[in-house]
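Here is a friendly walk through a structure that may be new to you. Take a moment to look it over, and then read on.

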Amino acid sequence: MIMAIVKKELLQLRRDPRLMALIIVMPLLLMVLFAVALKLEPNNVKMAYLDADRSFFSDMIKTGLWSDGYFQMYSVESKNAIIEEIRSGRAKAGLYIDSNFSAQLIENEQPHITLYVDGTMPSLTTAMKYNSSAATDQDVTNDMYFLDEDAPNTVIAEDPFVMDTDVLFNPDEKETWFFLPGVIGVLIMQIALILTGITIVREREQHTLEQLFVTPISKFSFIIGKLLPYVVITLIDFYVILGVGWFVFDLPQPSSHLLLFALAFIYVAVMISLGLLISLVSQTQQQAMFVAIFIIVPSILLSGFIFPIEAIPAAVRVVSYLLPFTYFVEIIRGLLIKQTLLVDLLYAYGALLGFVVVFVSASVMKFKQRL
Amino acid sequence: MIQAKQLIKSFKGVRRVDEVSLTVEKGQIFGLLGPNAAGKTTVIRMLCGIMDTDSGEVEINGSSVEEAKHDFGYVAQYFGQYGELSVWENLKFYAEMYGVKDEAHLEALLERYQLGPYKNSAAGALSGGYKRRLALVCALAHDPQVLFLDEPTAGIDPVTRKLLWDDFYALSAEGKTLFVTTHYMEEAARCHRLAFIAEGKMIAEGTPKSIKSALGDVNVFTFKQSYSPKVTEVIQAVAGVQLTNQFGNDLHIVASKEVSKSLLEEKISAVQGIDVELRETEPDLEDVFIALTQGGHS
């Protein structure tokens, strides 16, 4: 009798080719994707620098940093600009070398240089600190000892110069600051996709859609009426979760509450409209669930939520940029942790709005008040 | 009034509805009769505008279906109300979809269909008969002139079925037009007009009385006989016999005019070993239904 049930279940599965495809193709695709993505060899981490010294010695430090390929360096005009580059997300690290670096070096005064690292992603921060040690490597420092022939007994510092590390934005490198903003997005994505993902397909399965299509309601009113309650519920959810982050986990306040609300609203709209689209292309609730998971899992792994985007190979990064969650993570960390300026987040807001437009248009095209 | 011209619908390359045309006058109860999979539900869905036609036109009260949405109501074959909502919430919902705010009218509808005591019960918890009533009430919320009912009494007990039909007559007397699909003979007999559909084609149309002529020139014989496979076999072997149909202890034989009564009597007597006398009778709607469905018509 057990076998009879087993057989029946297998037969039912086989009769749902779309579900079968999802069950087989999804894990394969994700497996390959993650296997490639999670090699995680960050290189080309962008570093903004200002070398005010412009000497043979300061060049040696830059070469040391540059040579192993971890950092990709570009120069900026001022010390402030270094911090702004990191705040905007264009750079993850910075280097400042003062104008009297070589003068002090020659005088054995042990000058200081400053390494700036973005603290929003503690794992990346650690990696950057580790890789920056190339700057103080023996290859670099060997030629930086100056013996004063007049005073041969002068005690020379062990290190000719000191590199200070300044962790920006999340100086304590709190993991919660790094994770929580993204967690909010993951939760909202789950709630929205599952709520709306089944909303229409369920009415189809339960035959209520047939009865509804007979009424004079327009396509537009139907879609808006269907989505509005979920937008509101999910938006409330967003602030409830964020509230917990603020009051329990000490998450910082945003640079602008208006921008944060705009993010919440647009992001919720993206996810709700994506849920609607899922509901329209799925034939059963089961299929809808699978498609939702198919979107949620790579979002978590490829968005920069857990692993820095820089660490993801370029080919897979294309997928990252096709995931709305990637832009959410970028914006919410910018607003809550880095106080990033709107200008530097505009493209991410724009991307999210673009997703809304695409998902809503596709839904409108797909939706017909017909059986 | 409902008018449909040359409706055609194919699924996966197979024609499921083939050039169906029909006209239903105001106040009539029109029955679309046919076996399962004949295309009844497809026709009714196309008439209601929830399924596209491949070709053909539908008019309700002289307007296109889209324009006439306020003029008609539809009760689908399956329970299509919201199980989690109460009877009253379902009714209010459908009323609001049509902009109806008159609660007294809605209350009256509930009373008319004995749903008053269940006003606050979850629709999903109602019995089959009451679910059907709720569906009907929701379809009537906006007081439509035309009502489409897809197998309205399928799976309903005889008492409730009678109550529903009494009500259909009342609705028709109020001037409403009813379009009903069914495969119950006694229901078909209650319609003012009938159309017969098999394999997507309309094969007969008329009043329940006139539709019997769809069998063409036939004689119908009957005699008392408890079911006997042997007799059935012998009779069906006679050329010109279109149908044998057993009703309890009565056997109906539908045969073309060339088949003589005496020939049949002879055949049966030979099997039974006693003299049998056949009585000539009118074809029953069921005879017509089965004969037409089997393709026995010519």
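## Where the two chains touch

In this predicted model, chain A and chain B meet in a contact that takes 16 residues from chain B and eleven residues from chain A. On the side of chain B that touches chain A, the residues divide into ten nonpolar, three polar and three charged.

## Chain B as a whole

Let us stay with chain B for a while. Its secondary structure comes to nine helices and 14 strands. The C-alpha trace of chain B spans about 70 × 45 × 35 Å along its principal axes.

Chain B has 298 residues, and buried residues make up 41% of them. Among the contacts in chain B with a separation of 6 or more, 71% are accounted for by residues 24 or more positions apart.

## An enclosed helix in chain B

Helix α1 of chain B runs over residues 40–47. How many of its residues are buried? Eight of the eight are, so the helix is largely enclosed by the rest of the structure.

Just after α1(B) comes B:Gly49, which takes a positive phi of about 80°.

## Loops and a strand in chain B

Where do they sit? B:Asn61 is in the loop between β4 (55–60) and β5 (63–64) of chain B. B:Glu199 is in the loop between β9 (193–198) and β10 (201–206) of chain B.

Are these two residues buried, or partly exposed? B:Asn61 counts as partly exposed, with 16 C-beta neighbours inside 10 Å. B:Glu199 is partly exposed too, having 17 other C-beta atoms within 10 Å. A residue needs 20 or more such atoms to count as buried.

B:Thr23 belongs to strand β2 of chain B, which covers residues 14–24. With 15 other C-beta atoms within 10 Å, B:Thr23 is partly exposed. B:Thr23 and B:Ile60 are 37 residues apart in sequence, and their C-alpha atoms are 10.0 Å apart in space.

## The nonpolar cores

Now for the nonpolar cores. The largest nonpolar core has 90 residues. Which of them touch the most other members? They are A:Ala93, A:Ile188, A:Tyr267, A:Val268, A:Val270 and A:Met271. Helix α12 of chain A (residues 257–281) gives the most to this core, with 14 residues. Apart from this core lies another one, of 88 residues, including B:Leu32, B:Leu33, B:Tyr130 and B:Ala204.

Leaving out residues up to four places away in sequence, A:Val268 touches A:Ile188, A:Ala192, A:Val231, A:Thr234, A:Leu235 and A:Phe238.

## Helices α8 and α11 of chain A

Next, look at helix α8 (residues 175–197) and helix α11 (residues 219–247) of chain A, which pack at an angle of about 155° with their axes 10 Å apart. Angles over 145 degrees count as roughly antiparallel, and α8(A) and α11(A) are therefore roughly antiparallel to each other. Their crossing is right-handed.

Which residues meet here? Among those on the α8(A) side are A:Leu180, A:Ile184, A:Ile188 and A:Ala192. Among those on the α11(A) side are A:Leu227, A:Tyr230, A:Asp237 and A:Phe238. By class, the residues of this contact of α8(A) with α11(A) divide into twelve nonpolar, three polar and one charged.

## Helices α12 and α15 of chain A

Helix α12 of chain A has a partner as well. The axes of α12(A) and helix α15 of chain A (residues 324–338) come within 11 Å and cross at roughly 165°. That makes α12(A) roughly antiparallel to α15(A). The crossing of α12(A) and α15(A) is left-handed.

From α12(A), the residues in this contact are A:Leu259, A:Leu260, A:Leu263, A:Tyr267 and A:Val270. They meet A:Pro324, A:Phe328, A:Ile331, A:Ile332 and A:Leu335 in α15(A). The contact of α12(A) with α15(A) has ten nonpolar, no polar and no charged residues.

How values were computed:
Residues are numbered from 1 along each chain as its sequence is written. Chains are lettered from A and ligands numbered from 1 in the order in which they are written. This is a predicted model: local features need pLDDT of at least 70, side-chain atom pairs count only at pLDDT 80 or more; totals for chains, interfaces and linings use all residues. Two residues are in contact if their C-beta atoms, placed from the backbone, lie within 7 Å. Ala, Val, Leu, Ile, Met, Phe, Trp, Tyr, Cys and Pro count as nonpolar, Asp, Glu, Lys and Arg as charged, and the others, Gly among them, as polar. A residue is buried if 20 or more other C-beta atoms lie within 10 Å of its own, exposed if 12 or fewer, and partly exposed in between; C-beta atoms are placed from the backbone. Helices (H or I, at least four residues) and strands (E, at least two) are DSSP runs, numbered from the N terminus. A nonpolar core is a set of buried Ala, Val, Leu, Ile, Met, Phe, Trp, Tyr and Cys residues joined through C-beta atoms within 7 Å. Axes are lines fitted to C-alpha atoms, for helices over the stretch in contact, and angles run from 0 to 180 degrees between N-to-C directions. Angles under 35 degrees count as roughly parallel, over 145 as roughly antiparallel, 65 to 115 as roughly perpendicular and the rest as oblique. A crossing is left-handed if the near helix is turned anticlockwise from the far one by less than a right angle, and right-handed if clockwise.
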